[in-house]
Amino acid sequence: MKAFFSILIALLCLGNLSAQNTMGFNFQTVLPTGELKNDSPDLWGGGFAVTGAFNLKDSPIFLGGTLDFTRYGSQLRNGWHGSVMGDYRHRRQFEMSRLLGFIRISPDCDAGFYPYVDFNAGVNFVFTRSILRDSALEDPFDRYLDWHDFSFTYGIGAGVEIPVNPDILIDINFKTLKSGKTEYLTPNSVSFDTEQEIYLLDVQRSRFDTFTFSIGIKAYID
């Protein structure tokens, strides 16, 4: 924590302001931390995020938001599902979406790149959805949510924007987020009982704490 505040103070003391609004698209990797890592160490995934940051005039402060999507697991069972449903292909996707608002401190350090620090807060939507097909080449004949839950999340992040031309920047960033208790499923917590011919869902419950690393591009929208 002392190191974080030292970096923050250093950023605030650097140079002039960049003061331009941006919109960006990033690819990301999400890893479990804290209680989530202890309870579900195999949980990890990849996805994408869309971010907008809008400058408060004549300041190094930006207000913005991020909407992201991550798939952290997938499970397929293809074959006999009992006398009622018969033979079909059952795909489960284990996914998460987050809507985060943030306050960003991003001074212009006059060094050819723009470092920043984010303070994030928002909500997780963690869900598992089923997609049913007669075969891999057929359109789905049914789809539904097996499980879903919301939780509040908050945390900090840091990154750097590297200009590649007057309008486009490369964005590299990470964030660590804490979450409230969340009920969720993983591929290891879903099984098919061949005797009863039903799926058994072992719902997990943990603080959904994560570390996210992402890289993408941004464009100025001034």
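## Around leucine 43

Let's start at leucine 43: beyond its neighbours within four places in sequence, this residue is in contact with Pro32, Leu36, Tyr72, Tyr184, Thr186 and Phe208. Please keep in mind that this is a predicted model.

Three of those names come up again in the largest nonpolar core, which has 15 residues; Leu43, Tyr72, Val126, Tyr184 and Phe208 are the members that touch the most others. S4 makes the largest contribution, with three residues.

## A nonpolar patch on the surface

Now for the outside. Here Met23, Phe25, Phe27, Phe48, Val50, Phe54 and Ile221 form a nonpolar patch, and their accessible area together is about 620 Å². Strand S1 (22-32) and strand S2 (45-55) are the elements that give two or more residues to this patch.

Ile221 sits in the segment after strand S12 (210-220). Is this isoleucine 221 fully exposed or partly exposed? Its relative accessible area is 38%, so isoleucine 221 counts as partly exposed.

## The chain as a whole

Stepping back, the chain has two helices and twelve strands, arranged along the sequence as α-β-α-β-β-β-β-β-β-β-β-β-β-β. Its C-alpha atoms fill a box of roughly 70 × 35 × 20 Å along the principal axes.

Of the 222 residues, 43% are buried. The chain exposes about 11700 Å², with carbon and sulfur atoms supplying 60% of that area. Among contacts between residues at least 6 apart in sequence, 67% link residues at least 24 apart.

Terms used:
Residues numbered from 1 in each chain as written. Predicted model: local features only at pLDDT ≥ 70, side-chain atom pairs only at ≥ 80, totals over all residues. Heavy atoms only, no water. Patch = residues over 30% accessible without salt bridge, like charges linked within 9 Å, V, L, I, M, F, W, Y side chains within 5 Å. Areas by Shrake-Rupley, 256 points an atom, 1.4 Å probe, with all protein chains shown as cover. Salt bridge = Lys/Arg side-chain N within 4 Å of Asp/Glu carboxyl O. Helix = DSSP H or I, 4+ residues; strand = E, 2+ residues; numbered from the N terminus. Buried < 20%, exposed > 50% of the residue type's maximum accessible area, 1.4 Å probe, protein only. Core = buried A, V, L, I, M, F, W, Y, C linked by side-chain atoms within 4.5 Å. Contact = heavy atoms within 4.5 Å.
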